[in-house]
Every structure is written in C-alpha cells, then in structure tokens.
Amino acid sequence: MRTNLLTTQVLRVGHADEDVVFRATGEVDLNTGAELDAELAELAARPGVTGVVCDLTGVGFFGSVGLTVLLAACDRGRFVVVAGPGTAAHRTLLVSGVLEALPVVDTVADGLLALAR
C-alpha cells in the first residue's frame, strides 16, 4: 500500500511584494499531483507574493502529471522551476520536450535572480 510520498515546505515568505521559495521532496505522481497543484495555486494567490521559485531538486520521481502542474503554475503568474541536470524533474522535462517551454534554472539562487529580472 502506498502512502502520500510528497512533502512540501515554504522556505521563504516575506512581507508584501516578496518572492516565495517552495520546496517539494519525494514523488510527484498521480497520487500527489493534485496536492502539489493546490499548494502552488494557494501560494500564487497569497496577497503580496510576487513570484514563486519551485525547488524540485529533492523530488526522486517526477511523473507526467507534474508537467501539467508546472504548466498551470506558469499560467498563474511569475514562476520559476529549479530542476538542475540529473534530477528526476529535469529528466522528465527534457524527455517530454517541455524543458524549453518553462523557466527552468539549476539552483534556488538562480531562480530568485530570474524573478528579480
């Protein structure tokens, strides 16, 4: 029997007009995709949040449902994905052809810089 294998954490929420760093670890699949989508939607809707950096470097499995979640998050506003080479998310983004359609960077620091532009 499977349990929910996704853990999420908001690492940085500033005061008004700030960017948020959101970290997911575990697995993004059919069982956890809706949870990830709901949490990212809630962050994007928070008053004062100007952008979201979604750190997926700790995700060990990133299924195709995750692609839908990331594309929806991009449609909601300023959004950057951290999925460095060799990560599960990077492999899925690359193989699917979606890598070029999303703002993907290697580190959280790069994500914050991308939002600052």
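A residue is called buried when its relative accessible area is under 20%, exposed when that area is over 50%, and partly exposed in between, as judged with a 1.4 Å probe and with protein chains only. By this criterion Thr 32, which sits in the loop between E2 and H1, counts as buried because its relative accessibility is 1%. The structure is a predicted model, in which local features need pLDDT of at least 70 and side-chain atom pairs count only at pLDDT 80 or more, whereas totals for chains, interfaces and linings use all residues. Residues are numbered from 1 along each chain as its sequence is written, and side-chain values use heavy atoms, with hydrogens and water left out.

Helices (H or I, at least four residues) and strands (E, at least two) are DSSP runs, numbered from the N terminus. The chain contains four helices and five strands, which follow one another along the sequence in the pattern β-β-α-β-α-β-α-β-α. Its radius of gyration, taken over C-alpha atoms, is 13 Å, close to the 13 Å that the globule rule gives for 117 residues, so the chain is as compact as a globular protein of that length; the rule itself is 2.2 Å times the number of residues to the power 0.38. Along its principal axes, the C-alpha trace spans about 40 × 30 × 20 Å. Of the 117 residues, 39% are buried. Contact means heavy atoms within 4.5 Å, and among contacts between residues at least 6 apart in sequence, 67% join residues at least 24 apart.

In soluble globular proteins, nonpolar side chains tend to be buried together. A nonpolar core is here a set of buried Ala, Val, Leu, Ile, Met, Phe, Trp, Tyr and Cys residues joined through side-chain atoms within 4.5 Å. The largest such core has 27 residues, and those with the most contacts inside it are Leu 40, Leu 56 and Phe 62. Two or more residues are given to this core by each of strand E2 (18-28), helix H1 (33-45), strand E3 (49-62), helix H2 (64-76), strand E4 (79-82) and helix H3 (88-96), and the largest share, six residues, comes from E3. When residues up to four places away in sequence are not counted, Leu 56 touches Ala 24, Phe 62, Leu 70, Val 81, Val 82 and Ala 89. Apart from this core lies another, of six residues, among them Val 21, Val 53, Val 105 and Leu 115.

In helix H3, the residues Ala 88, Ala 89, His 90, Thr 92 and Leu 93 are buried, and what covers the buried residues of this helix includes E3, H2 and strand E5 (104-105). Just after H3, Gly 97 takes a positive phi of about 85°.

Phe 61 lies in strand E3 and, with a relative accessibility of 42%, counts as partly exposed. With residues up to four places away in sequence again left out, Phe 61 touches Gly 26, Glu 27, Val 28, Asp 29 and Ala 88. The C-alpha atoms of Phe 61 and Thr 87 are separated by 8.9 Å, although these residues are 26 residues apart along the chain. Asp 110, in helix H4 (residues 108-116), is also partly exposed, with a relative accessible area of 33%. Asp 110 and Val 95 are 15 residues apart in sequence and 23 Å apart in space, C-alpha to C-alpha.
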